[in-house]
Amino acid sequence: MPTVPLRDRAAWQALESHRAELGEVRLRELFAADPGRGERLTAEAAGIYLDYSKNLITDETLRLLVRLAEESGLAGHRDAMFRGEPINVSEHRSVLHVALRMPRGGSLTVDGVDVVAQVHEVLDRMAGFARRVRSGDWKGHTGKRIRNVVNVGIGGSDLGPVMAYEALRHYTDRDLTFRFVSNVDATDFVEATRDLSADETLFIISSKTFGTLETLTNAHSARDWLVSRLGTQDAIAKHFVAVSTNAERVAEFGIDTANMFGFWDWVGGRYSMDSAIGLSTMIAIGPEQFHDLLAGFHEMDEHFRSAPLPENLPVLMGLLAVWYANFHGAQTVGVLPYEQYLKRFPAYLQQLTMESNGKHVTLGGDLVDYDTGAVYWGEPGTNGQHSFYQLIHQGTRLIPVDLIGFGKSLNPLGDHHDILSSNVFAQAQALAFGKSEDEVRAEGTAPDVVPHRVMQGNRPTNVLLAEKLTPYLLGCLVALYEHSVFTQGTIWGIDSFDQWGVELGKQLAAQIVPELTSSTEPDLSHDSSTNALIRRYRRLKG
């Protein structure tokens, strides 16, 4: 990694000067001066077409951003990741989610171990189990086949499986019901299991350490639920499997370790949906289509690894994110998929982006003096157009957005898909070019209403288009954002693969739980606010 601080790098300083020179550059003017801009500022790979022409950039902007990536050592840092070097510096770990989707026969040796061979050994065990469940060969304790699968996890052990199931629901076995429990709020578990028959239900307990409080609390409730209905502890063996690295704790819980599917400490939770954490996904869509998903991931990995930086989709998207965060003061990014099956995709990206790049120190432990990770959010189109798009169009905050569309619907129905897709292009056009005061007046608008109807435009968008949503395409899309996050983190010089910020709240909660459950008044030693809240809670609890 470079030793020159980010803001002292020549490209950064050139970008600051360039931003000042651009001033309030207008997209209308850029397109008028360059009629071919909309075809020129595009890139394509792995079935995804990216139109980034409606961004507040010129050719010089792109040149300087690529130069910044070069000065930040992006290519070298990327190659170190693919070699399995321990680029997660605070945990001294390799970062090898890319190994999870390398094809059979590939090889990546880390510390003398071929991790690709290990990955495929687990994938083969997953496939065998998934086929038994899908075919009905796996029987529950009473001899009935499994018809309900409940994934119990939190964070990456939940968001990935939930998103993948919703995104690929079109391809799932509709004879199976899938539920996902993550929140330690009892309502989540109760509502997920309310209408299920215990003798037809399989629980997948997904926890890397098998020690996460929320997951283990829900897992124990699941075990109690099952045993109370089937009347024996022996039922656990046929109704519980584990995705974990901790065989001892899995066995203590009562799950046969023969039904444990492992993964590795070089797989971060938010990068784990294509590991054994994806067991529920594989059961839902089948092993063959799960391998299509992995092939999509790998295709984008290879593009990221080998494509020149100016033509590299993840690099371009990452550089544009840096441009808006650090040179335009943008604090959020909207991800707006025009595909109902992707309704959980923005929520998935929230963890991927914000847990990865929500950091305040560099790899060397120095405080940063620039903004890092933006807030990611979004909802499917066209729903959002009737709620929060107003702020994007006419508000005072700059919010870059990604609009995701598809050429074909998985559920063709009349002209629904053409109407849906027309909004992708219309919103990108409206956000970019708006409606001027003269244009509003020309429509015969009353003078006192004119200011209210002016759309300033100049709201930047990326438009991503693909043929249709398939398991393969979903893998490409997720990997695209993974490597965009990597690009941003590399330029900011931060560790995108640790997440110490999630630990403190957990530790304090573990201290507070006994104070909430104690039968006698506890001796509280927190701050006055926390002490008062605990006392109030105990009174409300009665």
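The backbone oxygen of S496 lies 2.8 Å from a polar atom in the side chain of R270, and that arginine also has a polar contact of 2.9 Å with the side chain of E355. A polar contact here is a pair of N or O atoms within 3.5 Å; within protein, one must be able to donate a hydrogen and the other to accept it, and residues adjacent in sequence count only if both atoms are side-chain atoms. R270 sits in the loop between β9 (260-261) and α12 (279-285). Helices (H or I, at least four residues) and strands (E, at least two) are DSSP runs, numbered from the N terminus. Is R270 buried or exposed? With a relative accessible area of 2%, R270 is buried, where buried means under 20% relative accessible area, exposed over 50%, and partly exposed in between (1.4 Å probe, protein chains only).

Before going further, a word on the model: it is predicted, so local features need pLDDT of at least 70 and side-chain atom pairs count only at pLDDT 80 or more, while totals for chains, interfaces and linings use all residues. Residues are numbered from 1 along each chain as its sequence is written, and side-chain values use heavy atoms, with hydrogens and water left out.

Now to the open space. The largest pocket holds about 970 Å³. Of its 41 lining residues, the closest to the centre are T212, Q499, V502, E503 and K506. Two or more lining residues come from each of α7 (156-167), α9 (213-230), α15 (345-357) and α21, and α21 gives the largest share, 5 residues. By class, this lining has 13 nonpolar, 19 polar and 9 charged residues. For these classes, Ala, Val, Leu, Ile, Met, Phe, Trp, Tyr, Cys and Pro count as nonpolar, Asp, Glu, Lys and Arg as charged, and the others, Gly among them, as polar. On a 1 Å grid over the protein atoms alone, a pocket is an open set of points with protein on both sides within 12 Å along at least five of seven lines, whereas a cavity is a set of points where a 1.4 Å probe fits but cannot get out; lining residues have an atom within 4 Å of a point. Grid points are joined across faces, edges and corners, and a volume is the space filled by probe spheres set on the points.

Let us follow the helices of that lining. Helix α21 covers residues 503-517, and its end C-alpha atoms are 22 Å apart, which agrees with the 21 Å that its 15 residues should span at 1.5 Å a residue. The expected span is 1.5 Å times one less than the number of residues. α21 has a kink of about 30° at Q511, shortly before the proline P514; the bend at a residue is the angle between axes fitted to the seven residues ending there and the seven starting there.

Helix α9 has 18 residues and reaches 26 Å from its first C-alpha to its last, close to the expected 26 Å. Among its buried residues are L216, A219, R223 and W225. Just after α9, G231 takes a positive phi of about 80°. In helix α15 you will find Y348, which counts as buried at 3% relative accessibility. Y348 and M163 are 185 residues apart in sequence and 6.5 Å apart in space, C-alpha to C-alpha.

What about enclosed space? Of the 14 residues lining the largest cavity, M317, A321, V333, D402 and N462 are the closest to its centre. The largest share of that lining, 4 residues, comes from α14. The second largest cavity has about 60 Å³ of space, and α14 gives the largest share of its lining too, with 3 residues. Its lining has 9 nonpolar, 3 polar and no charged residues.

Finally, a look at some backbone details. A cis peptide bond, with omega about 10°, joins G381 and T382; T382 lies in the loop between β11 (375-377) and α16 (389-394). H92 has a positive phi near 55°, in a residue other than glycine, and at 69% relative accessibility H92 counts as exposed. D111, with a phi near 50°, is also exposed, at 79% relative accessibility.
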